[in-house]
Amino acid sequence: MTDTAIKVEDAAEPSALAALKIGPLPITVYVPAALVCAAAVYSGKLPNDVIGGLSVLMLLGFLLGKLGQTIPLLKRIGGTAIMCLFVPAALVAYGLMPETALKAMATTFRTANFQYFFIACLVAGSILGMPHRVLVQGFLRMFVPLLVGTLSAIAIGVTVGLLFGHSPKETFFFVIIPIIGGGLAEGVLPLSIAYAEMLHRPQGELVAQMVPAALLGNVVAIVAAGLLARLAEKRRDLNGRGMLVKTGDDDILGPARSDHPIDLGLLGAGIVLSCVLFVLGMVLAPYTGIPGPILMIIAAVALKLTKLLPAEMELGAYQINKFMSTNLTFAILVAMGALLVSWQQLVASFNPGYIAICTTTVLAMVTSGFFVGKWLNMYPVEAAIVTACHSGLGGTGDILGAADRMGLMAFAQIATRVGGAIMIVIATLAMKVVY
């Protein structure tokens, strides 16, 4: 090797290292930032406020999220959520989380109610940011498979729960609904707030009870999607190759949302709109008996369907949703793991009966989607894969990726986000009657 070649290789190494990112931060920025934060934590100088709390939550969230996206097997089964929830819960349980950091997290997440701000921006933006055409036509297209799949999942899940000694109420509210409620940040988190308010139980206890179901359901859906893709390779008559309807008019939905340059003014409008919708929910809650976060979801859907908002306001809500989900989802999951999830309760939940309920619930939904889709002149494999997304953790990319069907994203978003929002509202109203 010549001296010139050696010099080229030596010059390439630092640039390769600089290209490595932990979240949005280059490693050359992340490491100094993490050292500064660690020094503040261990010297007791970390501010006990939103600044200190977000510093710890975001840096730890970026790191754990990166690991979850990198570890070979883990990245295929929702590894980011697993790492961001399980590691902080374990650190707290074994006394390895510094008290200074824990206090700053609690101040940010609980005292400053940052979880409510996150939910407002994420949920409102998710619904308002979905193009009206996608919402209406996509939902109409998927209504029957989702309805039959959901009813089948509930019936089979409750039956299996009875076989393992679980009451129908326990199985429905704390296992099945978390699976089909739209994921963790948009499903379990607002659901836990509503449940805690109605049942007068600690939110952390409820989160620890529901998180394993959401995670297990996602894993089963990913595996099922992968197996369906293998089936499609052998049975061409069942394979739409990414096309859902046999008439070939899937493109009527178009993309979920065309990309627009970030507008700082619209970001501000999106924040105000999300917060006002949340405040509206809190104002109406005492008169309806329905928790505020759930009323916020209902209000957002109503605004979307009636087209009362200018298109640019909806775009603002969408852009703030993307900002929050891109930069703060990992941080919120870390906060949930450290402050809400009991490690002992989390581990204890993974028992044969619980696993059986989660598995059969998702498989019943997928199987129903397969046969109902075939009856409705859809390609059975694609219909089953989209229905499986009803049990996704929120992004649906891991499920579609396992089946190599990313072109179905618009339909998958309907199944996960709209289907999840509907189930959260139904579950909350049902709990008001049952409990």
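**Notes on the predicted model**

1. Ser-126 has a relative accessible area of 9%, so this residue is buried. The residue sits in helix H6, which covers residues 114–128. Leaving aside residues up to four places away in sequence, Ser-126 is in contact with Glu-186, Asn-321 and Arg-417. All of this, like the rest of the note, refers to a predicted model.

2. Overall fold. The protein chain contains 19 helices and 2 strands. Its radius of gyration is 22 Å, close to the 22 Å that the globule rule gives for 435 residues, so the chain is as compact as a globular protein of that length. Along the principal axes, the C-alpha atoms occupy a box of roughly 65 × 65 × 50 Å.

3. Of the 435 residues in the protein chain, 54% are buried. Among contacts with a separation of 6 or more, 78% are between residues 24 or more positions apart.

4. The whole structure has 4 salt bridges. One of them joins the side chains of Glu-233 and Arg-230, at 3.6 Å from N to O. Both residues belong to helix H10 (residues 203–234) and are 3 residues apart, about one turn of the helix. Glu-233 counts as exposed because its relative accessibility is 56%. Arg-230, at 41%, is partly exposed.

5. A salt bridge between helices. The side chains of Lys-304 and Glu-314 also form a salt bridge, with an N to O distance of 2.7 Å. Lys-304 is in helix H12 (residues 292–306) and Glu-314 in helix H13, so the pair ties together parts that are 10 residues apart in sequence. Both ends are buried: Lys-304 has a relative accessible area of 1%, and Glu-314 has 10%.

6. A salt bridge between distant parts. Glu-382 and Arg-405 meet through their side chains at 2.7 Å, N to O, in a salt bridge. Glu-382 lies in helix H17 (residues 380–388), while Arg-405 lies in the loop between helix H18 (397–403) and helix H19 (409–434); the two are 23 residues apart, and the pair links distant parts of the chain. Glu-382 and Arg-405 are both buried.

7. Cysteines. A search of the whole structure gives 0 disulfides. For Cys-84, the nearest cysteine sulfur is that of Cys-37, 16 Å away, and Cys-84 is in no disulfide. Cys-84 is buried, with 0% relative accessibility. Cys-358 is likewise in no disulfide; its nearest cysteine sulfur belongs to Cys-389 and is 18 Å away. Cys-358 also has a relative accessible area of 0% and is buried.

8. Start of helix H13. Ala-311 lies in helix H13 (residues 311–327). With a relative accessibility of 59%, Ala-311 counts as exposed. The C-alpha atom of Ala-311 is 9.5 Å from that of Leu-128, although 183 residues separate the two along the chain.

9. Nonpolar surface. Val-279, Leu-280, Val-283, Leu-284 and Tyr-287 make a nonpolar surface patch of about 500 Å². Within this group, Leu-284 is in helix H11, which runs over residues 264–288. Leu-284 is partly exposed, at a relative accessible area of 37%.

Methods. Residues numbered from 1 in each chain as written. Predicted model: local features only at pLDDT ≥ 70, side-chain atom pairs only at ≥ 80, totals over all residues. Heavy atoms only, no water. Patch = residues over 30% accessible without salt bridge, like charges linked within 9 Å, V, L, I, M, F, W, Y side chains within 5 Å. Areas by Shrake-Rupley, 256 points an atom, 1.4 Å probe, with all protein chains shown as cover. Helix = DSSP H or I, 4+ residues; strand = E, 2+ residues; numbered from the N terminus. Buried < 20%, exposed > 50% of the residue type's maximum accessible area, 1.4 Å probe, protein only. Contact = heavy atoms within 4.5 Å. Disulfide = S-S within 2.5 Å. Rg over C-alpha atoms; globule rule 2.2 N^0.38 Å.
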